[in-house]
Amino acid sequence: MDLVQWDVPKKRRNGSSYYEQSGVHATEDRKNTVCGTDITTKRNPSIFRTITWAAVVTCYNCAYRLALQGKWPLDRVPGKNGTTHPAPVAQ
Ligand SMILES: [Zn+2]
């Protein structure tokens, strides 16, 4: 699974700006995240592939949609629980 992260513009109280990294989303086509965000409009997106994506992705909506598609692995993911990630979908 490919994962993607990008820079999110933020503002300080004094009006200056800076960037923070977004959450880690999943992507199947490298154009959109599984949760529907257009990657091509994001600032400085970095896309990386990992076989341990389920332990790395932090976007609940991506994980939830992958669970609905039956792509969520049946193994429990250490450090993840039902509030951050959906339960695996029964096959
Ligand atoms: Zn997402």
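Predicted model: local features only at pLDDT ≥ 70, side-chain atom pairs only at ≥ 80, totals over all residues.

User: Which element gives the largest share of the largest nonpolar core?

Analyst: The largest nonpolar core has twelve residues: Leu3, Val4, Ala26, Val34, Trp53, Ala54, Val57, Cys59, Cys62, Ala63, Leu66 and Trp72. Two or more of these residues come from each of strand S1 (2-11), helix H1 (53-56) and helix H2 (60-68). The largest share is three residues, and the element that gives it is H2.

User: Nice! In what order do the elements run from the N terminus on?

Analyst: Let's start with the count: the chain has two helices and four strands. Reading from the N terminus on, the order is β-β-β-β-α-α.

User: How many bridges pair S1 and S4?

Analyst: One spot to look at is Val4, which stands opposite Ile47 in S4. S1 and S4 pair in the antiparallel sense, and the number of bridges is five.

User: Of the seven residues of S4, what number is buried?

Analyst: To count as buried, a residue needs 20 or more other C-beta atoms within 10 Å of its own. Asn44, which is found in S4, has 9 C-beta neighbours inside 10 Å, so it counts as exposed. S4 lies largely in the open, because the number of its seven residues that are buried is zero.

User: What is the phi of Asn44?

Analyst: Most residues other than glycine have a negative phi. Asn44 is not a glycine, yet its phi is positive, at about 55 degrees.

User: And Arg30: is it buried, partly exposed or exposed?

Analyst: Arg30 sits in the loop between strand S3 (25-27) and strand S4 (43-49). It is not a glycine either, and it has a positive phi of about 65 degrees. Because Arg30 has 13 C-beta neighbours inside 10 Å, it counts as partly exposed.

User: Last one: what percentage of the residues in the chain is buried?

Analyst: For a sense of scale, the C-alpha trace spans about 50 × 25 × 20 Å along its principal axes. The chain has 91 residues, and the buried share is 18%.

How values were computed. Residues numbered from 1 in each chain as written. Core = buried A, V, L, I, M, F, W, Y, C linked by C-beta atoms within 7 Å. Pairing = 2+ DSSP bridges.
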